[in-house]
Amino acid sequence: MKTLGSLQLFAEIKRSETGATYRGLDPRTGQLVLVKTFTANGNAPAAAARFAQEAAIYARITHPNLVKLIDYGVAEGLRYLTLEFIEGQTLRSLLQNAPQAGKLPVAIALTVFDAVLAGVAEIHRRHFIHRDLKPENILIGHDGSVKLCDFDLATSNAARPAGSGLTGSPGYLAPEVILGENATPAADLFALGILLYEMIAGGRPFQSATAGGEMNAIVRVAPLPITTVNPHAPAVLDELFERLLAKQPAARLAGAEAVRTWLAQHFVLGTPEMQRQRLQEYLAAPENWPLALPPAFVRVELLQQQTAQPPKSRKWRPLLAAATGLALTALLAQWGLNSMKPEAAQERTVSPHTATPAADSSGLTQAKPQSGQREKAPAEETEPALPPRPQEIAVDSAAIPPPRTLSIQSNPWAYVFLAGDSLGMTPLSAPVSLPAGKHGLVLKNPNFPPVSVPLEFSAVSPDTLFFSLWEHVAQLELQINPWAEVYVNGQRREPHAGEQTLLLLPGVCELKFVHPQLGEKTETIVLRAGETRRLAINMF
């Protein structure tokens, strides 16, 4: 049996290039523990910083829904974390073994979700972002406990430098993270929305055959209403998913506590102890639980409100608005026909200057009254008359040049934005229709800074445009001895170990290199688009 200090390690759970995770025993307490080790290797400062950050988060945060830190130190050349061991399974395992094809009963899904929210709210309150919320990092104990783990990708609540690369699991990334923008607590809320959707629907809302396709769907596609994929789900959850899976961070709920407040206003989930007992009962006999949410879990005032008020329209229900418009048009047309019937009207004098009538929405044209002719008027004088329709102005369609279609390709791939709206990922699946004139395109790839490309489109422009992102950036090859943290124009760039290449926008770059023991060095360089520059930095 392997030992680490006083710890006995008897089962290796997983291993990576920089460490391993073990199931162990602490002889001092007789408790089973989880031991994470890290090889103290100076050539991997980024990984070392993440390990230290994870230890700091565990040490600073104590919460019933977070795995607890028992010890942290260095033994036999290894840094290690000793964490409480949860007897149970991951949420991923719970979903895979669910008797209803990967779905959890709505009551159980909301119970797990509320417990996860409580842990995330505490993380955010301490100014951290988890950045890797997924079923594999949520532990479900046999006693009904729910705990978050794995904070190796967590970071402080400071803005992450844009363009520093993707961090997290592709299926749970927020749109702004995919596009290389700053990660905020709102990114965790987006991952939580995917998590709840997956528990109720039996699959993620943006699934695709490839990771790239799934990320493309996250950026561009609206999810199906939850009631479409699971008719047992309450319709009110569509409102919650609309606020969690919004493409723009500002459109999401204000934070994890705000999500918990929303849940408490709509559902009766009970105290943490009641939730733990409910989950424990489900683990004992999952086949006995119905998928539908029992009425006792829905607040009475919500049911009364839904009965008294019409449901709010959803952005994914445009047909409702269209049907309403057609119905209103038909009613107005019928009103116009009825106003001409003698039995429903009285006579009134029409001025000879009455505007020429136009065809109504039903396609019928009313006859124009002659000068001084008596026209039928409605019996109720208080009924307001419809205003005359303005005459249509004939437009010479030949005077307006028709829009042309344009295909856009790039190397490497990129998301294409026009006036702030995403057109999709290159190569675009369909040509874009653009009017002649000047346009501003923005191409975004997570590994590149955003590239702005002015475009003047005319009748003589080619039908296919090809952009090389490499021609719009400069490559800076750094060789740092021994290593240093790299800052470009005040923003930290990762990774920051050994030899590396940074992709930067052309222009003046203020570089700063920081080593905790060797101090700082600064350089100012001017980069040109398309060039490759090599820079050697000796921190000694």
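**Ground rules**

I number residues from 1 along each chain as its sequence is written, and I use heavy atoms for side-chain values, leaving out hydrogens and water. The model is predicted, so I take local features at pLDDT of at least 70 and side-chain atom pairs only at pLDDT 80 or more, while totals for chains, interfaces and linings use all residues.

**Entry 1: α3 and α5**

I looked up helix α3 (residues 106–125) and helix α5 (residues 185–201). Helices here are DSSP runs of H or I with at least four residues, and strands are runs of E with at least two, numbered from the N terminus. The two axes come within 10 Å and cross at roughly 165°. Axes are lines fitted to C-alpha atoms, for helices over the stretch in contact, with angles from 0 to 180 degrees between N-to-C directions.

Next I listed the contacts (heavy atoms within 4.5 Å). On the α3 side I found V106, A109, L110, V112, F113, V116, L117, V120 and H124, which meet P185, D188, L192, L195, L196, M199 and I200 of α5. By class, this contact has 14 nonpolar, 1 polar and 1 charged residues. Ala, Val, Leu, Ile, Met, Phe, Trp, Tyr, Cys and Pro count as nonpolar, Asp, Glu, Lys and Arg as charged, and the others, Gly among them, as polar.

**Entry 2: salt bridges**

I searched the whole structure and got 21 salt bridges (a side-chain nitrogen of Lys or Arg within 4 Å of a carboxyl oxygen of Asp or Glu). For accessibility, buried means under 20% relative accessible area, exposed over 50%, and partly exposed in between, with a 1.4 Å probe and protein chains only.

R15 pairs with E12 at 3.1 Å, N to O. R15 is exposed at 53%, and E12 is partly exposed at 44%.

K36 pairs with E54 at 2.9 Å, N to O. K36 lies in strand β4 (residues 31–39) and E54 in helix α1 (residues 45–60), so the pair ties together parts 18 residues apart in sequence. Both K36 and E54 are buried.

R204 and E214 have their closest N and O atoms 2.7 Å apart. R204 sits in the loop between α5 and α6 (211–220), and E214 is in helix α6, 10 residues apart. R204 is partly exposed at 22%, whereas E214 is buried at 5%.

I also noted one network, in which salt bridges with shared partners join K14, K36, E54 and D150.
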